[in-house]
Amino acid sequence: MNIRVLGAFGNEGPGQRPTAFLVNDRTLVDAGSVAGGLCLSEQLAIDEVLLTHAHLDHLVGAAYLAETFAISGTPRALTIAALTPVVEAVRTGIFNNTVWPDFSVIPSGSPAVKFRPLVPEEEYRAGDLRVIPVPVDHSVPAAGFIVHDGTSGFVYSGDTGPTEALWRAAKMIRGIRAVLVECAFPNRLRDLANVSRHMTPERIQRERDKMPPDVPILVYHVKPAFFVETADELARIGGDIAVVSQDKVYSIY
Ligand SMILES: [Zn+2]
Ligand SMILES: [Zn+2]
């Protein structure tokens with residue numbers, strides 16, 4: 001399985017794009033950025049977005065991609081899959097004909113977007129992938145995902161503070177080869193991380209015992225404003241923890 005990092009950050013900066021990962025060229029896990037890292041034909045090859053929650057730094061690329069589908073002339077729909085409250089937030093908050101066109105009804109006859117509400121902790125198929133959405137602890141309804149191809153897989157936290165169900169579910173699945181976990185703020189902003197339900201390096205250190213053992217931890221979603229400070233603190237944790245590199249492709253088997 002290939003995981004291409006389209007956006008590694010929790011906000012935008014020069015050369016720093018918001019959170020998005022492309023799995024096996026077809027499935028996006030979050031879509032904070034899409035077109036910034038992909039040419040047009042690569043964008044049009046995408047089938048589905050697994051959306052953790054409705055915050056813009058995970059979503060705005062899907063809004064743009066929907067328009068790209070709509071004007072491409074190809075009669076294909078982009079599926080946006082998420083927990084039901086997240087689908088509702090995206091429908092009413094983004095694709096509402098005020099903030100952005102409602103691409104679930106246009107172009108008429110062949111709409112560019114299809115919503116797929118997901119049931120918590122119920123496995124479903126996204127192309128060749130098996131996906132389990134598990135609710136996590138963020139400031140809005142949010143899920144992490146366990147993504148598996150039948151042989152190997154990874155855990156993706158989405159945005160969350162300390163959490164339980166995701167790690168518990170992940171430990172039940174064989175073949176987990178990586179944990180992708182968010183980290184938004186450095187340790188000195190722990191109060192902000194607490195109210196906004198995000199990780200800091202010290203929180204990740206405490207979460208480690210709950211994660212599947214002996215797999216690499218790949219950290220994403222650091223806020224660009226605190227990148228150097230946060231990356232230094234993560235490096236001091238030691239062990240198999242690394243900040244993901246944007247545009248890199250990680251292969252797991
Ligand atoms: Zn975020
Ligand atoms: Zn968020």
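1. Two strands pair if DSSP finds at least two bridges between them; strands are DSSP runs of E of at least two residues, and helices are runs of H or I of at least four, both numbered from the N terminus. With that in hand, Arg4 stands opposite Val249 in β14, and β1 (residues 2–7) pairs with β14 in the antiparallel sense over 3 bridges.

2. A word on conventions, colleague. This is a predicted model, where local features need pLDDT of at least 70, side-chain atom pairs count only at pLDDT 80 or more, and totals for chains, interfaces and linings use all residues. Residues are numbered from 1 along each chain as its sequence is written, while chains are lettered from A and ligands numbered from 1 in the order in which they are written.

3. Overall, the protein has 7 helices and 14 strands. Its C-alpha trace spans about 55 × 40 × 30 Å along the principal axes. Buried residues (20 or more other C-beta atoms within 10 Å of their own, C-beta atoms being placed from the backbone) make up 46% of the 253 residues.

4. Now the sheet: 7 strands form an open sheet with mixed pairing, in the order β6-β5-β4-β3-β2-β1-β14. Both β6 (113–118) and β14 (249–251) are edge strands with a single partner strand each, so one side of each is left without a neighbour in the sheet.

Notes: Buried ≥ 20, exposed ≤ 12 C-beta atoms within 10 Å, placed from the backbone.
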